[in-house]
Amino acid sequence: MLSVRLLSHSEARIVFVDYQLLEIAQGTLNLLTQKTDTKPPILVLIAVSEGSSDTSPTICTSNTYEYESLLETGDGGFEIRRPRSEWDPISVNYTSGTTPRPKGVVYSSGVLILTRCLRFCFME
């Protein structure tokens, strides 16, 4: 479940959410805007996978996009911004922890590359 504290702490600008959890995510974002002066992140709705019998809702709000529709609006000439050094953060993962304070773990590109190399070398 999304946490108001986690979203506030991470300053997330975009959140990907499964369509079945959309109401929960929107409720959390409503709480975020009520309790803090934080700008809510953009919600990107992941629709039902092909071949599934479920139907995903059609969402039309200024802050919610459907994943496939969002991809279609992309700029093919966008220049990728790569990390400038191996210490630049590329991901933040949060632990649930035992206290109400979020505990974030920052991954850098150097750590990711090292992890992949070790996994490749030591895993069969």
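Mentor: Helices (H or I, at least four residues) and strands (E, at least two) are DSSP runs, numbered from the N terminus. This is a predicted model, in which local features need pLDDT of at least 70 and side-chain atom pairs count only at pLDDT 80 or more, while totals for chains, interfaces and linings use all residues. Residues are numbered from 1 along each chain as its sequence is written, and side-chain values use heavy atoms, with hydrogens and water left out.

Trainee: In which helix is the place of Ser-109, and is Ser-109 buried or exposed?

Mentor: Ser-109 has its place in helix α4, residues 109-122. Contact means heavy atoms within 4.5 Å; leaving aside neighbours within four places in sequence, Ser-109 is in contact with Pro-83, Ser-85, Glu-86, Asp-88 and Ile-90. Buried means under 20% relative accessible area, exposed over 50%, and partly exposed in between (1.4 Å probe, protein chains only). Because its relative accessibility is 14%, Ser-109 counts as buried.

Trainee: What separates the C-alpha atoms of Ser-108 and Trp-87?

Mentor: Ser-108 lies in strand β5, residues 103-108, and is buried, with a relative accessible area of 7%. Not counting residues up to four places away in sequence, Ser-108 touches Glu-86, Trp-87, Asp-88, Pro-89 and Ile-90. Ser-108 and Trp-87 are 21 residues apart along the chain, and their C-alpha atoms are separated by 5.3 Å.

Trainee: What is the order of the strands in the open sheet of three strands?

Mentor: Two strands pair if DSSP finds at least two bridges between them. Strand β2 (residues 42-46) is joined to β3 by three bridges, and the two run parallel. Within that pair, Val-44 stands opposite Tyr-65. The sheet has parallel pairing, and its order is β1-β2-β3.

Trainee: What angle does the direction of helix α2 make with that of β2?

Mentor: Axes are lines fitted to C-alpha atoms, for helices over the stretch in contact, and angles run from 0 to 180 degrees between N-to-C directions. Helix α2 (residues 22-35) packs on the sheet and touches β1, β2 and β3. The angle between the directions of α2 and β2 is about 175 degrees.

Trainee: Is Tyr-65 buried or partly exposed?

Mentor: Tyr-65 lies in strand β3. Its relative accessible area is 33%, so the class of Tyr-65 is partly exposed.
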